[in-house]
Structure formats: C-alpha cells, structure tokens
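Biologist: I would like to learn how to read a sheet and the helices beside it; could you take me through one case?

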Amino acid sequence: MRVFGTLNHLFAKVRPAVATVAMTVAASAAITGQASAEPTEGTHYVALGDSFAAGAGIFPQAELATCSRSAVNYPALVAKELGVASFTDVTCGGATLDDLTSPQRGIVAGTAAPQFDALTPDTTLVTMTMGGNDIGLAKQALLCGNVLPEPYGTSCADTFTANGVDTFAERTRELAPDYGNAIDEIHSRAPEATVVIVGYPTASRAGACPAQQPAWPRDADYLRGVLVNLNTLLRDVSAAHGAIFVDTADSSIGHDMCAAPDQQWINGLIPSLSTPSFAPLHPNTFGEQNIARQVVAALR
C-alpha cells in the first residue's frame, strides 16, 4: 500500500478545496446559524455512501423508495454551506462497496445506478461514508437487542466471538484492500477531486442504558468496539490512499442513543419521537447536521 501518496500529493489535492471553502461564509442556519455566501464557482461535488450518508429515515425525504435519501442529509447540508457550483447526491441506503460499480436494488422499489457513474473528470470534491454494510454491522447489530435481562436470551457478543473468532474483527481486516482500491478508483475517475472519507458517529456509551434501550451492556460495548475498529481502518486506509478522513465519533460523544431525547444525534434500537427520523441505530436530523459541521471544518 502506498503511504499517503506523498504529503505534497495530498496538499496539492487539499489546497483547491481549502481555497474554495475560504471564499464562502459559514452557511445555513441549520448548521451554523449564519447566512450563506454567494455560490463559489468551480466546486463540483459528488456524494457517495450508504444510509448514514443518505440520511435514511430522516424527513423530508428527497427519494424514499429506492435509497431512502433525505433532503437534509449531511451531503446536502455541506453542499449548501459551501455554495457549490454543482451537487450530485447518489448516496443510498444499504449500499456496499460493490454498489459503487454495480447497480443496486432499491430498498422498496427501483434500481440505483452504480454510484461511481456520478464521478467525472470535472468533479472537484467527493465525500463517502461506506463500510458498515460491507461488514454486516447495520443489519446484524439489530440482533443485539434483548428485551429480557441476563441470563435470558442470547448475547450477540458471544455469538459474534464464538469459537475464539471475532467475526467483525475478521471482516474489518478483510475490508481494507477493497476500500483502498475504491479510493484509488475515485482518484482515477475524478483526478482533480479532494476525496473525503467520513467516519461513523458514536452510537452508544460504555455500559449502554438497558433501562432505556433493549441492549445488554456487554453487547453494546462490543458494538462500540466494532465501530472503533471500523473507524480506525477508514482512517488508516484514507491516509494510505491520499484521502482526508473526517472523524465524527469524538464530536458525537454524549449524543448517543442513551442521551436525553433532545440531545440524541443517533437513534436507538427504539427510535426517539423527538426528531422526524425512524431508522434504528442511524443518525437523526441533528446527527446529520453534526456530520456536516465536521466535514466543513475538515475542509477548512
């Protein structure tokens, strides 16, 4: 694996984005409370990713049946804040790295085109949140819900580490080469683009909150470790393949599924009714706003 391209290579890619952002004022009130600047010419932004990027279950929806793509997901907020010249959002719920180059069957109906089809030589900014579905986290994390207290029911942590093999640790390690190849392909299709890999937010605190959410503390802690490992992989692969990694885990500490309803940025296994969002273990409206803030801050 090549090590971060070279620092000069990375800085060459970052400088255009930094210069572009510097010409804008911190924008939409939903993110910063400040007014938007005049659109900056020349920034052609393409958003790739899974349900965390698409804003699955967050209303208003821009497209529901195929990808559950919200009109106020973090890519839309970033595009508004930066005042980009063009914005193409192909994020899609359930997406994996395979869906970057192959059509994806819709969540309810329809088919989404390969996400890489949106990339062109004119693209100058790309964001991507991807990986959770590749290791099966989004789907299998729901198995960690336990209404009954221990020792009744089954521990998902025990299931995923049976026979001394940590299923998610193995899947995460195996993801690295494919993820690096995906970033390289983005660079190939959009050679002028600054590529931003956006990590996953904090979903739960240590020990979780079994009185509030139906998950045993050790199961919730196991899933926290899975997310930490996945984010670490995304950070390392980004560094090795000339992309910027944006951490969203630190900034979302204290706003996990165990937080008070008005402080939650990510839904629990039982979503809160305080925000118009219904996807379990996914960011709500406030969570998408925080991710947007982190992306814009990283570009600046």
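Modeller: Let us begin with the sheet, which is open and has five strands in the order β4-β1-β7-β8-β9, paired in parallel; strands, like helices, are DSSP runs (E, at least two residues; H or I, at least four) numbered from the N terminus, and two strands pair if DSSP finds at least two bridges between them. The edge strands, each pairing on one side only, are β4 (86-89) and β9 (244-246). This is a predicted model, in which local features need pLDDT of at least 70 and side-chain atom pairs pLDDT 80 or more, while totals for chains, interfaces and linings use all residues. Residues are numbered from 1 along each chain as its sequence is written, and side-chain values use heavy atoms, leaving out hydrogens and water.

Biologist: How many bridges join β7 to β8, and what is the bridge partner of Met-128?

Modeller: Four bridges join β7 (residues 125-129) to β8 (residues 194-198), and Met-128 has Ile-197 of β8 as its partner.

Biologist: Across which strands does α6 lie?

Modeller: Helix α6 lies across β1 (44-49), β7 and β8, and runs at about 150° to β8, where axes are lines fitted to C-alpha atoms, for helices over the stretch in contact, and angles run from 0 to 180 degrees between N-to-C directions; contact means heavy atoms within 4.5 Å.

Biologist: Where in α6 does a kink lie?

Modeller: A kink of about 35° lies at Ala-176, shortly before the proline Pro-177, the bend being the angle between axes fitted to the seven residues ending there and the seven starting there.
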